[in-house]
Amino acid sequence: MSDQHPNPYAADGEPKGDYQWGPVPGYGYPHAAPGAGFPPPYQPTLPGTPMPYPGPPGGFAPAPLMSIGDITVMPGSIVTPSGTMPLKGAVWTVTDMSRTEERMPTAAVVLAVVFFVFCLLGLLFLLMKEKVTTGWVQVTVTSGGLHHSTVVPALGPHTFPLVMGQVNYARSLGA
C-alpha cells in the first residue's frame with residue numbers, strides 16, 4: 001500500500017501495513033469500568049442484564065390509533081388524503097351500501113341432478129344455500145373546514161357493525 005493511502009487494517013506501529021487479525025482497537029462498544037464517566041446508554045453491561053427503556057427519540061410523530069380505509073386517526077388529529085383535520089369536533093357519517101343475498105350454489109344444482117338418477121335423495125342438495133355480500137360501507141368525516149369520504153369493501157354481513165364500532169371509538173376520542 002502507498003503512504004498516501006495507509007492500510008486501515010494494519011497493526012499499530014507496522015511500517016509495512018501488514019494485515020492484523022482480530023478486532024481493531026477502539027472498534028465497537030467502549031470498554032470501561034462502571035463509574036468511568038460514561039452516561040447510562042454507553043455503560044457496558046453483562047449479557048442478559050435488563051436496560052431501562054428511555055422512550056422513543058424526540059421529534060417523532062405519535063403512533064396512529066386506528067385507520068378506516070384511507071382515514072387515519074391520530075391522538076389529536078385525523079389524517080386523510082384531503083389534509084389533516086382536528087379530531088375534536090369532527091362529524092362522522094357512516095352509510096351501509098352493502099347487500100347480503102341468499103342463493104343456491106351451482107354445485108348444489110349439479111349434485112342434485114347427478115344423484116337424482118341414483119336415488120331421490122339427490123333432491124336434498126337443493127336445500128343448500130350460501131350467503132353472498134356485495135357492496136361497501138361509506139365513511140365520511142368533516143372537521144376544520146375539510147371533508148373526506150372513503151369506502152370500505154363489505155366482506156360479509158359483519159363489516160358494517162365493525163366499521164360502526166371503529167367510528168364510534170373515533171367519536172369518543174374526539175369528544
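## Salt bridges

How many salt bridges does the count come to? The answer is two, and keep in mind that this is a predicted model. One of them brings the side chains of E101 and R99 together, with N to O at 2.7 Å. R99 is exposed, its relative accessible area being 51%, while E101 has 36% relative accessibility and so counts as partly exposed. R99 makes it into the exposed class because the cut-off there is over 50%.

In the other salt bridge, the side chains of R103 and E130 meet at 3.1 Å, again N to O. This pair ties together distant parts of the chain: R103 sits in strand β5, E130 in strand β6, and 27 residues separate them. R103 is partly exposed, at a relative accessible area of 45%, and E130 is partly exposed too, at 30% relative accessibility.

## The overall layout

Stepping back to the whole chain, there are two helices and seven strands. Going along the sequence, you get the pattern β-β-β-β-β-α-β-β-α.

The accessible surface comes to about 12700 Å², and carbon and sulfur atoms own 65% of that. As for contacts with a separation of 6 or more, 51% are between residues 24 or more positions apart.

Strands β3 and β4 cover residues 77-80 and 83-86, and they pair in the antiparallel sense over four bridges. The link from β3 to β4 is a hairpin through two residues. For a place to start looking, find T80, which stands opposite G83 in β4.

## The three-stranded sheet

Now for the open sheet, made of three strands in the order β5-β6-β7 with antiparallel pairing. Which strands stand at the edges? Those are β5 (91-103) and β7 (146-153); each has a single partner strand, so one side of each has no neighbour in the sheet. From one strand to the next, the twist averages 10°.

Strand β6 spans residues 130-143 and runs antiparallel to β7, with eight bridges joining the two. One spot to check in this pairing is Q138, whose bridge partner in β7 is V151. Helix α2, residues 159-174, packs on the sheet and touches β5, β6 and β7. The direction of α2 makes about 170° with that of β5.

## A closer look at T150

T150 is a residue of strand β7. Is T150 buried or exposed? T150 is buried: its relative accessible area is 9%, and it lands in that class because the cut-off for buried is under 20%.

What does the side chain of T150 join up with through a polar contact? The partner is the side chain of D70, at 3.0 Å. D70 also turns up among the residues in contact with T150 once neighbours within four places in sequence are left aside.

Conventions:
Residues numbered from 1 in each chain as written. Predicted model: local features only at pLDDT ≥ 70, side-chain atom pairs only at ≥ 80, totals over all residues. Heavy atoms only, no water. Pairing = 2+ DSSP bridges. Axes fitted to C-alpha atoms, helices over the stretch in contact; angles between N-to-C directions. Contact = heavy atoms within 4.5 Å. Areas by Shrake-Rupley, 256 points an atom, 1.4 Å probe, with all protein chains shown as cover. Buried < 20%, exposed > 50% of the residue type's maximum accessible area, 1.4 Å probe, protein only. Polar contact = N/O pair within 3.5 Å; in protein donor to acceptor, adjacent residues only side chain to side chain. Salt bridge = Lys/Arg side-chain N within 4 Å of Asp/Glu carboxyl O.
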